Structure formats: structure tokens, C-alpha cells
Protein chains: 4
Amino acid sequence: MSEKTNEKLYGTMNSEWGEKFRLSVFGESHGAVIGVVVGGLPAGFEPDFAEVRRELARRAPGQGETSTPRRESDEFEVMSGLLDGRATGAPLMALCRNLDTRSRDYEPSLPRPGHADLAAAVKHGGFNDYRGGGHFSGRLTAPVVFAGALAKQLLSRRGVDISARITEIHGERDPDKFDGEILEAKGRGDSVGGVIECRARGVPVGWGEPMFRGVESELSAMLFSIPAVKGVEFGDGFELARRLGGEVSDGIGVDSNGNVVYLANHNGGINGGITNGEDIVFRVAIKPTPTIALPQSTVDLSQNKPVTHSFAGRHDSSVVPRAVPVVESAAAIALAQYL
Amino acid sequence: MSEKTNEKLYGTMNSEWGEKFRLSVFGESHGAVIGVVVGGLPAGFEPDFAEVRRELARRAPGQGETSTPRRESDEFEVMSGLLDGRATGAPLMALCRNLDTRSRDYEPSLPRPGHADLAAAVKHGGFNDYRGGGHFSGRLTAPVVFAGALAKQLLSRRGVDISARITEIHGERDPDKFDGEILEAKGRGDSVGGVIECRARGVPVGWGEPMFRGVESELSAMLFSIPAVKGVEFGDGFELARRLGGEVSDGIGVDSNGNVVYLANHNGGINGGITNGEDIVFRVAIKPTPTIALPQSTVDLSQNKPVTHSFAGRHDSSVVPRAVPVVESAAAIALAQYL
Amino acid sequence: MSEKTNEKLYGTMNSEWGEKFRLSVFGESHGAVIGVVVGGLPAGFEPDFAEVRRELARRAPGQGETSTPRRESDEFEVMSGLLDGRATGAPLMALCRNLDTRSRDYEPSLPRPGHADLAAAVKHGGFNDYRGGGHFSGRLTAPVVFAGALAKQLLSRRGVDISARITEIHGERDPDKFDGEILEAKGRGDSVGGVIECRARGVPVGWGEPMFRGVESELSAMLFSIPAVKGVEFGDGFELARRLGGEVSDGIGVDSNGNVVYLANHNGGINGGITNGEDIVFRVAIKPTPTIALPQSTVDLSQNKPVTHSFAGRHDSSVVPRAVPVVESAAAIALAQYL
Amino acid sequence: MSEKTNEKLYGTMNSEWGEKFRLSVFGESHGAVIGVVVGGLPAGFEPDFAEVRRELARRAPGQGETSTPRRESDEFEVMSGLLDGRATGAPLMALCRNLDTRSRDYEPSLPRPGHADLAAAVKHGGFNDYRGGGHFSGRLTAPVVFAGALAKQLLSRRGVDISARITEIHGERDPDKFDGEILEAKGRGDSVGGVIECRARGVPVGWGEPMFRGVESELSAMLFSIPAVKGVEFGDGFELARRLGGEVSDGIGVDSNGNVVYLANHNGGINGGITNGEDIVFRVAIKPTPTIALPQSTVDLSQNKPVTHSFAGRHDSSVVPRAVPVVESAAAIALAQYL
């Protein structure tokens, strides 16, 4: 093995999450498979896999004019951790084979602006799987949705319900105009981002372990792992910074049943890092898909020469619609830690 | 011990952080001490404690009309982990004794809107230290700044420099008008929030371990542990959601020395969770101090009766100015993981 | 989903290990697959898979009269994390399909003495995969050896070499008589245990992070995860407890090259939890295979009735020979944390 | 700060433990203080500090002829995390000031055989606190006993009782002769080790998370953090390696109340990493105190010259008696993770 002692070694990635409900995600956009090992599923839990498939279908591409035409298989096969349809307590591994890969679309020598291509090439010494972003690809959100669907089912059994919706596309807040914004950008070879709001109902008081393991910390860490998320805010978020304390006071009162209640929820259900029993409310900012048909400045690394290139691909003009179930899944995975 | 077997036990907190540069924060606002155990300081490191004191002074109260008149001791005494002024490699413990506590200002039966008082009372079965928020208090940011000052010095030795500044107070973006906004709110017995922008210069390419341990995830988790932070955004953040992909493309080029460079930094120095060599840029939203002189709705828990109460205290009309070094410290602690 | 809210949930398992070199093991003895996700492999690393197969072959059953006749597939297929034969930095997932399962050999209602059957049934509410021990099976040491083989190759590149050997079978210390002991036990329908000694050469000074993350702590935690290991000792181990301090002093001297050296190694290369540059030496005690042909007392849980049962199966009369590469692998995985 | 950029930095230590019941130990043998931050104490828990002091007294030196004459203060002061005598849920910090230090006893240039002195000097670049072993000192077991006493009280409330006793001193198994063995060694300027057996009664079925987080793994990791521990075995331990499977079968039966019970406990209450409801039983090997009055070979590092030196000090001729409460504490801390 002596000839290998000078083999130069480079950086790694870490696609594991969680202490109680745990994920280990693997796979690449254009490799053989994508998949996930889910740890921490309680024995006896009977997942509803039809529901899991519905969640995956919400994320899947090819859902109409606003989405990428790439046909992806989102059929996950469970290969361990189940017996007679119920979780055994052991790790559940599920994988999904990749179809319809077109790796020739990607030029290793032309890093895509707005992607990790260039930084990853440096970090990994050029040994990273550059094909379609490899392990960095948005395709890896499929196993996150698979695991998130299980987390949602576990939360649901405890009365916690999570749902997200688009509140803005390209600055437009009228839902009837969202598709229009996306199609207009598509028509120009461009792309648009947007804002997704997510709400968790039924969360009990007292989840979260401040100082550093508060609910906002756990949620935001998970949310920023979603590609294209560039901002996270809770409750009124950045708008709070523009208001007076008296205007955004979450007063406390007594309801007709004699229960102590909050009179408002500017804080998004979290105070000092712990849940207060109100709905958890947060929003994430999704940037426009960086891979667009319009020409962009990049560098041909093989010649160190600046070039202008159109990264055609088959990309979404906006990932925002498909990101909705991913945001819900991320939230569910983060909150499942507290069950 | 038999009489204790039915003792009812309640929730805990978790004030530990980090794998490489590690903190364990302890203490309460009106208890005997506040302090921190810092793990992971390399042996031989000679901290500049004059610089640590300067950082603490930036956070300290009583700095003028815009700040609380409470006199806090911010004199930390190092009690372990140093020999002849240099880190020994063993955990460094530093503590600071509390002075000038006025616990009578706080009524345990009157939870303060916008604080964790009510949720914490439920979570901890009423056994939490309610005096001034106890371990939830903003006073606990002092040990974070102490540790952050050490992290900044370690980063500085590697060429990484972190600095933050206020970019908005109560929606106002003109720095000359910031004090005016704060004083005007103070005059009305009210409070204001704001936005702090932080920049880390000199960060090398390739920090961060996607998917779930990306730099945005690590930074945001730490930033949301700061009381009053309700939003975090990287690069152009929420503004990205309102722009076209072509408008915010971080094009790639070649500079006059032949180095591959980015032509813009809309992504705040991070792509796919890893640093790209550009400045890391992020902003945090700070909410208005919830404890204000104006009357607020709360409940007298001893009688389950709604009341209107003025939580006078001696509070800042805006914590934004004092939060600036806290944000820098949080960023430094998060980034010190990568050294 | 309302009918599921009363679904009773039970305990979980945790088959993840490590912070730097990380494993997530999945699969069951008689399920579809066994496998592992290995995190932390540096990009550019070119594993020698022929060597990996050789290590797996050392652990495989059916190697002669002293081993179980079960034919297991130990062909692992790498499904992610590799490109052109080199690690990409992303998680490497490898799996192995199970063949030749004979689940009818196992009666869920008859817990095997010396196995986790009974405790697992309680912990997991009867939902655990009982077939051949499921995820508790010794078969799950195959993915550990797969990962360990990679760890050994990484360590080897840094000059660290790990090798183990049997030093005792059923109390016998003469290697020529080891097979005899095993065959004699087999002839009687019984089983024997033994002792394996492992040595890591070339370890540099200073690995280990006391107090609680010392090298002995890390190694022993990993070693006790091997089924059948019931004791771990470093250096002279339990024998040290029987000697005088003066007899087992690891004196310090200067060699002919002027280097400071140890004159003895009673401490097995570790002092105060950190490596001292001498060989790391430890021994593990392996208990006799609890599944034997001789009748044993158990309980028919379907009737709560004591019975005497012969758990024939196709088991090793001693797992000690096959445990040798498992011990090496466990050691390599634990030590790879320090690279 | 430019002159510091070439400051050479060395290794660290990690004195943190646990996920649920957590410790962060700090301090040095001859520094200002020793202490611990205990995280994870449930709010409402009322520690019995008289009991804590009794536990500390069992570990304290100066208890008769067999112990060191050093007078140590073992008075811990609780400085956070308590209100009106009950845990608040926030971290509990306790410290103890050091008295009666005699640092001149230790020569930094003469590393003590059998201690970490030499390895630590390399690892920490000579910046470690060498005085009496610094953070490596057995004195640091005092905060472990402090925390362990709290863990024992929490376990006791759940019916789990932990107690340890000496079973061997210098190979002698007759308790009446233990003091004789120690005094005889003392008379010769030598030292002796021994074996401590610990038993946890009342542990419920199902603690432990295999594969890698089994109870044996957790306990052994904690136990090997105790200075001088060089071996750990569960149940019959190494003796199992010398017996036939049929001889050490933990048969299963039905007791007179119709409960399924084990008919023996050769496995020490743990199968496959999880507790089976029987007593957890384990033994640890304690090596002879390496610091003895007899001359030992070492090297004067200031001249790189071999010398023979008598490390007089004021050391125990056997730490075994004082290690008994430390072993119990370590076990309690490890098991408190499962509450």
C-alpha cells in the first residue's frame, strides 16, 4: 500500500442529523441511488406508505408547465427496519434508484454560478461527484421528504400538524398570480424565488432546550440545509425589527374556559427558545434557481478562461412549489426530536 | 429518601454548544454568578484579556441614554485552564459575580409578555429561576461574549475577521437617526428593534459539512440562541426571493492575477452550505425589547385574573446596540468549529 | 389517521457511531439486506476493495469444521460516495443482500438464553425482528468489518497498523490446541469462548481527549458493541491489579539515538487516556456462543410455561476465530476518529 | 495581534460527558479550583447535599494509614441552577477551592512513569499544567463524585441502587487482609492495585441502544475515564472466556408468581447491549499507584539524561479504597442517561 501513502486526501460532507429522530442521507443526483437511513423510529409504529408516496409526489418534478421535465423515480424501497409493516425499532433504510440521468449536460470544467460547484471542487480536491451537483443536488431532498413524511406521521399521532404554503413568488403576494410569475420568468429563460410560510399546530408548551438547543435553533439549522433557502424568520420576523414593542406585544389573557392564553402571536409560538403553546409560525426565503437558460459569466477551469455560458439543463424556473413539502419535512424532522 | 420518590420532576435546559470549540454556560440573571466553561482551546494559546474586556464593555449596560441603568459587573475571573497566561488545553472556566440585583422588580405571578416566563413556568413546573428571567436572561449573553472574544482571537490568528454593525433601527436606515429612534421610543415608554449585519472576512473556501452541518445551519443555530433574534438571512436573504435569477447571479470570472473570482456576492459567501471564499454576510432581526414601561395585558397567575401591568424595570429601550458584539461572538463561536 | 393515535410505541435502537469517521449500520440477519453508510471518508481516498473483500472473508462463516455451515453472502455493493473508484467526500453506502435464510429455525415464543431475545421483546413490545436475532445478530458485524477495512486503510496511510490474534480458547493458551478445544466442544453440542489480543502499531503520541474521551473509553465503547464481548483490558489489564507498583513501572529512558523511550509497556500504550507512542495493546474476552445443541432452560412465552429446548441452529461452536477481524475493525473505526 | 499569528498551538482535552445527564468538569490539581457544570437536572429535583458530602467524604484522602496525608478541601459550593434548594432545570455549577497545594513536589523536567506527564507534554507542547498532573490528576474525580452523587439520587427515585466494593487487593481476595496488603506495600515504598465490583439493582428491562450505544459501551467508556482503571468486565467477564457455553447459560424460567425470570446471571444483567432486568454487575481493574517512593527510571528532559528518581510525594499506596465511590459515581452518571 506504500504507493498510496502520498495520496492526497480532501474534505468530507456530513449528511447526518438528529439525536432522537435521526437521518443519514446518501446518494447523488446522477449516481446509482439516493436514500436514507432513519434511526429512532419507535417499534410498533406502522407507517402509512401511501401517505409517504403522496408527500413524495408533491416534491416530484414534472408536475406541469412550471416544473422541470426530468422524470425522476421517486419510488423508495424499504430494505430494513420493518416487519409485517411495522417498525421494529431498528434503523429503517429506504432507497430509490435513479433513472433518466443525463450527465452529459454538466461540464465539470464550467462551474455554475450560485451553486457549490466551484467551492466543492476546491474543498474536495476535484474528487466530488460534479454530475448535476452530486450529493449537493436538490434531488437529495427526496430522501428528506421520505423521512419527513414519517416524522409528520409520528407528530400527527401526538396531535401536531404541520403545513406550509407559498406566500410570495418574485415579490407577488397574490396566489392567483404565482404561476404567472413563474411562467413569465420561464419564458425569458430566467427564474424566480419566493417565500414559504409554515405553521405547526398543536405543539405543546415547553419544547426546546435553551440556550443553544432552542426550537428556533433546531428548526433553522434544518431549514438552512434545504438548497436555495437563504433566510428564516419566526413570527413576524424581520418585520418585528421595524415595529414598536407596544405594537407587537403578545399580551396574555384568560379565555372563557378560564385558561391562560396569548392574545397575539407575533413571536411565532416560541419565546426564549421554547414553545409557548401557540402555533409555531416561520417563513423561509427561497432564492431563484441559479441554473437558468440566460447566459451567465463563468470560467472554463480547464483553460482558466472567462466564458459566457447558458446552462440549459432541464431546470425548474422556480423550485418554490416543489420546496413546500420539503419545508414541511424539514420542520417535522426537527420537531420530531422533541417527541 | 422514600418521601422523595413521588417528587415530581420537570424539564431541563441545555446550555452547551459545539464539538471542537465548546461552551457550557451557567448562571442566572440574579443568582450568585454567571459564567462559562470553554472547551477546545488549544494549548499554547495566549488570550489577550484586555481585548476580551473591551468586547465585554461593548455589551455592558449603562453606556448612555439609550441603555439600561443597571450596573452589571462584567469582570470575569478565569479559574482554570490557564498557566502563566497561556491555555493549557484543559477546560477554561471563567465566572463573573452578579452585583446590583433587584429581584423585587419581578413578580413571579405576573408573566411578562414576549418573554419565556409563562412557557418556562409550565415547562419547569414553576421551579425555574423566575428572577429577571433567570437563566433565560439577556445577561447570559455576557459569558457568550467572553467565549466569543476568545473565538475571535483564534479566528484572527487564521486571518478571519468578524465585525457587525447596525443597519436598521425601527425601520430607519440612516445611522445618524438610530439614537433618535431609540430615545423617542424611550420617551414614550416603548421600545424598538432593528437589524444587525455581520461580515466575516478572510474565510477560506470549503468550510461547512453539508447537508445538515452547513455553515448557514451552524451560524443560524447559534444566532437564534441570542434572545430577541427572530430572523436570520444570508447574502441578499429575503430580498433574493423577490428577484430574478439573472439579476442575482454570482458570476464567476478571472482577476488580473489569473485567480478565479466571484463577480458578485448575493449568496453571502456560502453555496450549498460551504464557504466559497467570499465574505460571509448575514443579517439578524432583533425584536423590540418586550419589557416596556407602557401597560401590557397579562394574567395574575395567583388568581388566574387578567390584569394590565407596567413592567417598569430598568430595561433597554433597544437592545440592538448591545447586541452587536453578541452577534459577532455568536458568529465567532460557530465559525471556530472549523479551525 | 385517528385510529392510529392509540397505537402503542416502543423502544428504538441506535446503530450510529462516531464524529469524524462515522457509521450508520442497518439491516437484519434474515431481512432483505445488511449494510452501512460510512461518513467522513476524505475525498480522493481510493479504497482497495480487494483488501476489503479479504477482510470480509476472514469474518465469513463456513471456513471449516470449526465454523457454522450457513452460507452468507458477504458481497457488498457500493451504491454511493464513489466516483471512478475514489471517495467523493459524500457518504458511502454499501449493502449486501442476504441469502440462505432459514427463519423457521427460530421460534419467537422461545427466547434463547444468553441472547437479547427476551429483553428485546420487552423493550420493543414484541415488534422487534426476532428472526435470528434480527438487528442484534452477529451477522451485523459484516458491515462493521466492511467499514473497519476502510478505516484500516486510512490508518495504514498514516503508518498505523492494527492486528489481532487469539491468545486463549476455553482457557487453553497453546495455539496448536485451539481447534481441538473448539471441536471437542462441538462434539459435545457445546461451545467455547476465548480471548483476543489486539495491537495497534505506529500510533503517534497524543491521541485521545481526556477526561471522558480518552482512547480507552473510545475503544472500549466500540469493542463492547461486538456481540459476545464481555471484557476489555488494556496493557496488563486485570493482571496489573495483582502486581506491585514497582513491578509494573513503565520506566522512561533514552535510546541510542538520543530519543526518550519507554522501557516497558505495562500500560498498553495509553496513559491518562492519551497515547504515549508505544503500541496500543488490549484484550477482549469473548463468551462461548450461547446458542448450543445441548438442551437449555427457557420459557414458552405463548403459554408462560418452562421448557427445555435444544436450539440446534447452524451456529459456530466458537465465534472467537471469526471475531478476530471484527475486533481489528472495531479498533480501526475507533482510532480513525483521531486522524 | 500580528506577532501572535505564528504562535504555535497544541492539543486540547475534552472533559464533557453525556446527552441527557451531562457533565463539564474543569480545574486542576494545584490550580485555584476544581468543579463541574451538571446539565440535565430536572426542575423540581431537591438534592440531598448531606448525602453528596458523605459520598465526597468516602473519596477524600487522609482517612487513615492507607491513604495520602494531603488535606484536600472537598467542600463544593453550588453557584447556579438551584433556587430554594431545588434544581431549576438550568445548569448547576459547583466548585471547590484547592487548599494545601505543594507544587514544588513536582519537577516539570522529570516525567513520572505510569502517568500522562510525558505524553501530555508532547500533546500540549509543554503548555499543559504539569503540577500534580494538572487536569489529569485523580483529584478531578472529586467533581465526578459530586455529579455522581446527584445521579445516584435521581436513579434512587426510580428504584435503581448502585453499590461497589473491593473484591481484590494485590491478588488477595480476603477482605480482612486488604489493609495488610496496602500497609505492607506502603512499608516498602511500593503500591498495590485491586479489583472493584459494582452492582446496580433495580434496573428495568430495556435500557441501552444497540449496536453502538449499548449499556456496556456507555458504562465502560465512563469507567475508563477514571484514572488507574485498566480493565472492565461484565458478568463473569474474562472467566466466561474459559468456560463452556453449557456451564454459563443464563437459563430462563418461571417463578412462583408466574413471572418469567432468569435462572442465572453470568452475563451481568446485559444481553446484546440492553438490560434484561437482572442486576448489572461489572468489575474494574485498578492498577497500583504509579507514583511510589521506590526509585524509578525516568529522564531529566532538561538535559535528555536518564536518571533514577524517587517520586516521594504524598501518595496513596493504593487508590483502590478511595476509588470505590468513584466507580459508583461513574456508573450512576452513565446510567442516568437512561432516565
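Author: Let us begin with exposure: a residue is buried under 20% relative accessible area, exposed over 50% and partly exposed in between, computed with a 1.4 Å probe on protein chains only. This is a predicted model, in which local features need pLDDT of at least 70 and side-chain atom pairs count only at pLDDT 80 or more, while totals for chains, interfaces and linings use all residues; side-chain values use heavy atoms, leaving out hydrogens and water. Residues are numbered from 1 along each chain as its sequence is written, and chains are lettered from A and ligands numbered from 1 in the order in which they are written.

Reader: Is His170(B) buried or exposed, or partly exposed?

Author: His170(B) has 21% relative accessibility, so it counts as partly exposed. Its phi is near 50°, a positive value in a residue other than glycine.

Reader: Where in chain B is His170(B) placed?

Author: His170(B) sits in the loop between strand 8 (161-169) and helix 4 (178-187) of chain B. Helices (H or I, at least four residues) and strands (E, at least two) are DSSP runs, numbered from the N terminus.

Reader: And what of His170(A)?

Author: His170(A) is not a glycine either, yet it has a positive phi of about 50°. It lies in the loop between strand 8 (161-169) and helix 4 (178-187) of chain A. With 22% relative accessibility, His170(A) counts as partly exposed.

Reader: Next, the peptide bonds. Which bond in chain A is cis?

Author: The bond joining Pro210(A) and Met211(A) is cis, with omega about 10°. Met211(A) belongs to the loop between strand 9 (194-201) and helix 5 (215-223) of chain A. In chain D, the bond from Pro210(D) to Met211(D) is also cis, with omega near 10°, and Met211(D) is in the loop between strand 9 (194-201) and helix 5 (215-223) of that chain.

Reader: Let us turn to the interfaces. How many residues of chain B are in contact with chain A?

Author: Chain B has 100 residues in contact with 99 residues of chain A, where contact means heavy atoms within 4.5 Å. The two chains bury about 7300 Å² between them, 63% of it on carbon and sulfur atoms. Buried area is the accessible area (1.4 Å probe) that two parts lose on being put together, summed over both.

Reader: How many salt bridges cross it?

Author: The rule finds six salt bridges across the interface of chain B and chain A; each is a side-chain nitrogen of Lys or Arg within 4 Å of a carboxyl oxygen of Asp or Glu. One pairs the side chains of Glu209(B) and Lys123(A) at 3.6 Å, N to O.

Reader: Which element of chain B gives the most to that side?

Author: Strand 10 (residues 229-234) of chain B gives the most, with six residues. That side of chain B divides into 48 nonpolar, 34 polar and 18 charged residues. Here Ala, Val, Leu, Ile, Met, Phe, Trp, Tyr, Cys and Pro count as nonpolar, Asp, Glu, Lys and Arg as charged, and the others, Gly among them, as polar.

Reader: What area is buried between chain C and chain D?

Author: About 7300 Å² is buried there, and carbon and sulfur atoms give 63% of it. In this interface 100 residues of chain C are in contact with 100 residues of chain D. Six salt bridges are found across it, including one between the side chains of Glu168(D) and Arg242(C) at 2.8 Å, N to O.
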